[in-house]
Amino acid sequence: MLKFKFLLWMMPKLMQRAINTKPACARYVAGKNLEFQIQTLDKIGRYFRIQDGQVKSFAGLTTSPKFTLTFRNAESGFKILSAKDGKEAFLAALRDEDLVISGDFVQVLWFQGFTEYLQPGK
């Protein structure tokens, strides 16, 4: 549980660093206004806001996210979010029902594109 919570706490810091250090990433998020959340089935999670080139996160859950990533439990959430090959891990998690995505799927795809900038060397 602590690893998952720590990872969610660190995510906006990693995202902001990518925006600040990678011009292509800064262009990718320019003008984007998005609020989404990542949680477990038992409602443990955080919500994130991307606005004006800034990423912020907040403890707890929001009432109106554009999309929600819901993991079966904290252990599977940590494993999937920290996987080296994120796309394959997400697809396998969806297939195995360790991850349920709800909300605007177009925004989820945009977010997947954003996470590519978090990988080293991208």
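Visitor: How many aromatic pairs does the structure hold?
Guide: The structure holds 10 aromatic pairs (Phe, Tyr or six-membered Trp rings with centres within 6.5 Å; planes under 30 degrees apart are stacked, over 60 edge-to-face, the rest tilted). This is a predicted model, with local features at pLDDT of at least 70, side-chain atom pairs at 80 or more, and totals for chains, interfaces and linings over all residues. Numbering starts from 1 along each chain as its sequence is written, and side-chain values use heavy atoms, without hydrogens or water.

Visitor: Okay, what about F6 and W9, how are they arranged?
Guide: That pair is tilted, with 5.8 Å centre to centre and 35 degrees between the planes of F6 and W9.

Visitor: Which kind of pair do Y28 and W110 form?
Guide: Y28 and W110 are stacked, at 5.1 Å centre to centre and 15 degrees between the planes. Y28 sits in helix α2 (residues 23–29) and W110 in helix α5 (residues 105–116), so the pair ties together parts 82 residues apart in sequence.

Visitor: Is W110 buried or exposed?
Guide: W110 counts as buried because its relative accessibility is 13%. Y28 has 27%, so Y28 counts as partly exposed.

Visitor: Switching topic: where is L69?
Guide: L69 belongs to strand β4, residues 67–71. With a relative accessibility of 1%, L69 counts as buried.

Visitor: What is L69 in contact with, leaving aside its neighbours within four places in sequence?
Guide: Q37, I38, Q39, F90, L99, V100, I101 and F111 are in contact with L69 (heavy atoms within 4.5 Å).

Visitor: How far apart are L69 and F90?
Guide: In sequence, L69 and F90 are separated by 21 residues; in space, their C-alpha atoms are 10 Å apart.

Visitor: One last thing, back to α1: which residues in α1 meet α3?
Guide: From α1 these are K3, F4, L7, L8 and M11, and on the α3 side they meet A74, G77, F78 and L81.

Definitions and conventions: Helix = DSSP H or I, 4+ residues; strand = E, 2+ residues; numbered from the N terminus. Buried < 20%, exposed > 50% of the residue type's maximum accessible area, 1.4 Å probe, protein only.
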